[in-house]
Amino acid sequence: ADVAQGRIVQSLANEGGLSSTLWAGPETISRAMKSGEHPIQGTRRNGPISLKLGFSGEDYGYAIDVGLPVQERPPVPSLFLKDPEIKAESLWVGQTLGRANEIAARRGPGVRVKDSEGSWKQASVNMTSGDSMMTHGSDPYDGIELLILRETMRNWRFYDHLRTDRDAPSRFPQVGTRTPVLASDGSDFCAALQTIIEIGDAPALEASIEDAFPKSTIEIFDNNGYFELEMRQHGLLRPLKSAELSDGTLRYLLLLAALHSPRPPKLMILNEPETSLHPDLLEPLGRLVAAACKHCQIIVVTHSNLLAEAISQQAPSKMIALQKEFGETRIVDNDEPIWKWPER
C-alpha cells in the first residue's frame with residue numbers, strides 16, 4: 001500500500017531496511033538438511049537479492065521487484081548506498097501476468113504504458129530508483145489504469161496497531177471532527193463512533209454492542225470540542241470512561257469503529273484482532289466481521305481457531321493455514337496460485 005503513496009523506500013526503512021524482510025536461512029534447503037544428515041548451512045548464492053510483492057484481482061494485477069543497487073563507486077561519497085531500488089514493476093489486466101495483457105511496465109529507469117489504441121508508449125526514461133511508476137507514471141490520459149489502481153491501493157485499510165495500553169490515545173479525550181474512517185492506531189475512535197451514530201448504521205452498531213456486551217450502551221460527550229466515551233455496563237452503578245476500560249473491552253470498541261465505518265474500503269486487513277479479548281467475545285467478533293465483509297473484502301490474520309471458525313460459519317470465506325518448518329512459514333494444503341513475476 002505504501003507503494004501507492006510513494007513511500008516504498010521509507011516503508012522498508014521502518015521495517016529495519018530491506019535486509020530485515022529477506023529470508024534469513026539458506027537459499028535452498030536440501031533433502032539431506034531436512035533429514036538431519038547435513039547441518040543447515042548457507043552456500044554460495046545463485047539468485048539476486050530480491051523482495052517481490054504482488055497481488056491480482058478480477059480487474060487488475062500488479063507486482064514490484066525491489067533489490068539492492070549495483071555497487072559502483074559513486075562520483076560523490078554518499079551514505080545512502082544501501083537504499084533499496086525498484087528493479088521492475090508491472091501492471092496487467094486480469095489475474096495472471098502475460099505478454100498480451102500487460103498494460104504498463106517498468107524496467108530500471110524506463111517506464112512504458114499502452115495507450116488507448118493498444119500501442120506501447122515510452123512514459124519515462126529517467127525514473128529515479130526509489131520512485132514507483134504508480135505515483136510518477138499515472139495520468140488521466142495514457143496512464144489511467146495506473147491512476148485507478150493507485151487510488152484503489154490508497155483506499156486499503158490496515159488495523160494492526162490498535163493501541164490499548166495505558167498511554168494509548170484512545171484512552172484520552174480527543175478533538176472531535178467528523179471521522180468516517182478510523183485511524184490505524186485508533187486515536188480518533190470517539191469521533192469515529194459518533195460519526196457512525198450520526199451518518200452511519202446506528203442500529204447495527206447498537207446491535208453489535210448488545211451482542212458483545214449484553215445490556216450495555218455507549219455515549220459520546222463533547223467537552224469544549226474534545227470527545228470522550230462513557231460506557232454503561234449491566235451491574236455497574238456508574239459509567240466507565242475510556243481510561244477505565246479493560247484492554248479487551250477497549251479493543252473491541254475500536255474494532256466496532258473500524259468495521260462499522262460508513263465509508264467501507266475495498267480491502268481491510270485485521271492483524272490478530274483477538275489480542276486481549278475475552279474468549280466470550282470471539283464469537284461476537286466473528287459475527288461482526290461476517291457482517292462487515294458484505295461491504296468489503298476482509299483479511300483476518302489470527303492465531304485463534306475459535307475466531308476463524310466463527311467467521312467461516314457466518315460468512316463465505318477461505319481459510320489459509322500456515323505452518324513453520326525449518327524456519328520457513330508455508331501454506332498448508334493449498335495449491336499455489338497461477339502466477340508469474342515480471343522480469344528485470
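The structure holds 14 salt bridges, each a side-chain nitrogen of Lys or Arg within 4 Å of a carboxyl oxygen of Asp or Glu. This is a predicted model: local features need pLDDT of at least 70, side-chain atom pairs count only at pLDDT 80 or more, and totals for chains, interfaces and linings use all residues. Residues are numbered from 1 along each chain as its sequence is written, and side-chain values use heavy atoms, leaving out hydrogens and water.

| Pair | N to O distance |
|---|---|
| Arg 171 – Asp 247 | 2.8 Å |
| Glu 198 – Arg 178 | 3.9 Å |
| Asp 211 – Arg 287 | 2.9 Å |

Asp 211 sits in helix H7 (residues 202–212) and Arg 287 in helix H9 (residues 282–292), so this bridge ties together parts 76 residues apart in sequence. Helices are DSSP runs of H or I with at least four residues; strands are E runs of at least two, and both are numbered from the N terminus.

Buried means under 20% relative accessible area, exposed over 50%, and partly exposed in between (1.4 Å probe, protein chains only). Arg 171 is buried at 7%. Asp 247 is partly exposed at 35%. Arg 178 is exposed at 56%. Asp 211 is partly exposed at 33%, and Arg 287 is partly exposed at 32%.

Now the whole chain. It has ten helices and 15 strands. Of its 344 residues, 40% count as buried. Its C-alpha atoms fill a box of roughly 70 × 60 × 45 Å along the principal axes.
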